[in-house]
Amino acid sequence: MTVKFIQYPKCTTCKKAQKWLDENDVQYENIHIVEQTPTKEQLKAYYEASGVPLKKFFNTSGMKYRELELKDKLPSMSEDEQLELLASDGMLIKRPIVTDGKKLTLGFKESDFSETWK
């Protein structure tokens with residue numbers, strides 16, 4: 001099984017996730033989230049596969065999120081507008097995203113990775 005590992009190389013959470021994938025012999029395709037930002041359609045599919053609210057896909061600790069004052073804007077935005085915004089800039093997306101097309105993990109929590117990818 002090869003999963004998509006959508007990440008940002010300088011992100012420490014992504015580095016921890018990658019280390020876990022390597023140590024657990026999970027084959028993955030490495031995708032740079034800024035150079036190959038997921039499309040609106042891909043993000044919609046990821047969102048639907050994740051079972052988490054769309055707002056969880058936003059990198060709330062990122063500078064871009066704060067610059068755009070999204071904390072105040074997101075509640076009044078439609079799902080479509082939020083997906084479009086996420087697709088416009090990889091730095092707005094919480095990372096890493098790991099998916100096999102059916103299952104998906106967002107961020108890195110060792111217990112979630114063990115449950116999903118072992």
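The model is a predicted one, in which local features need pLDDT of at least 70, side-chain atom pairs count only at pLDDT 80 or more, and totals for chains, interfaces and linings use all residues. Residues are numbered from 1 along each chain as its sequence is written, and side-chain values use heavy atoms, with hydrogens and water left out. Helices (H or I, at least four residues) and strands (E, at least two) are DSSP runs numbered from the N terminus.

**Arg-95**
- Arg-95 lies in the loop between helix H5 (79-88) and strand E3 (97-99).
- Although Arg-95 is buried (under 20% relative accessible area, with exposed meaning over 50% and partly exposed in between; 1.4 Å probe, protein chains only), it has no salt bridge (a side-chain nitrogen of Lys or Arg within 4 Å of a carboxyl oxygen of Asp or Glu).
- The nearest side chain of opposite charge to Arg-95 is that of Asp-89, 7.8 Å away, where Lys and Arg count as positive and Asp and Glu as negative, while His and the chain ends are not counted.
- Leaving aside residues up to four places away in sequence, the contacts of Arg-95 include Ile-6, Tyr-8, Cys-11, Asn-59 and Gly-107, contact meaning heavy atoms within 4.5 Å.

- In helix H2 (residues 40-50), the buried residues are Leu-43, Tyr-46, Tyr-47 and Ser-50.
- Seen down the axis of H2, these buried residues fall within an arc of 100°, so they line one face of the helix; the arc is that of the directions from the helix axis to the C-beta atoms.
- Exposed Glu-41 and Glu-48 are carried on the face of H2 turned away from its buried side, whereas the buried residues of H2 pack against strand E1 (2-7), H5, E3 and strand E4 (104-106).
- Gly-51, which follows H2, has a positive phi, near 75°.
- The buried residues of H5 are Gln-82, Leu-83, Leu-85 and Leu-86.
- They cover an arc of only 160° around the axis, which puts them on the same side of H5.
- H2 and helix H4 (70-73) are among the elements that cover the buried residues of H5.

**Helices H1 and H6**
- Helix H1 (residues 12-23) and helix H6 (residues 110-117) pack at an angle of about 35°, with their axes 11 Å apart; axes are lines fitted to C-alpha atoms, for helices over the stretch in contact, and angles run from 0 to 180 degrees between N-to-C directions.
- The contact is made by Ala-17, Trp-20 and Leu-21 of H1 and by Glu-110, Phe-113, Ser-114 and Trp-117 of H6.

**Lys-16**
- Lys-16, found in helix H1, counts as exposed because its relative accessibility is 52%.
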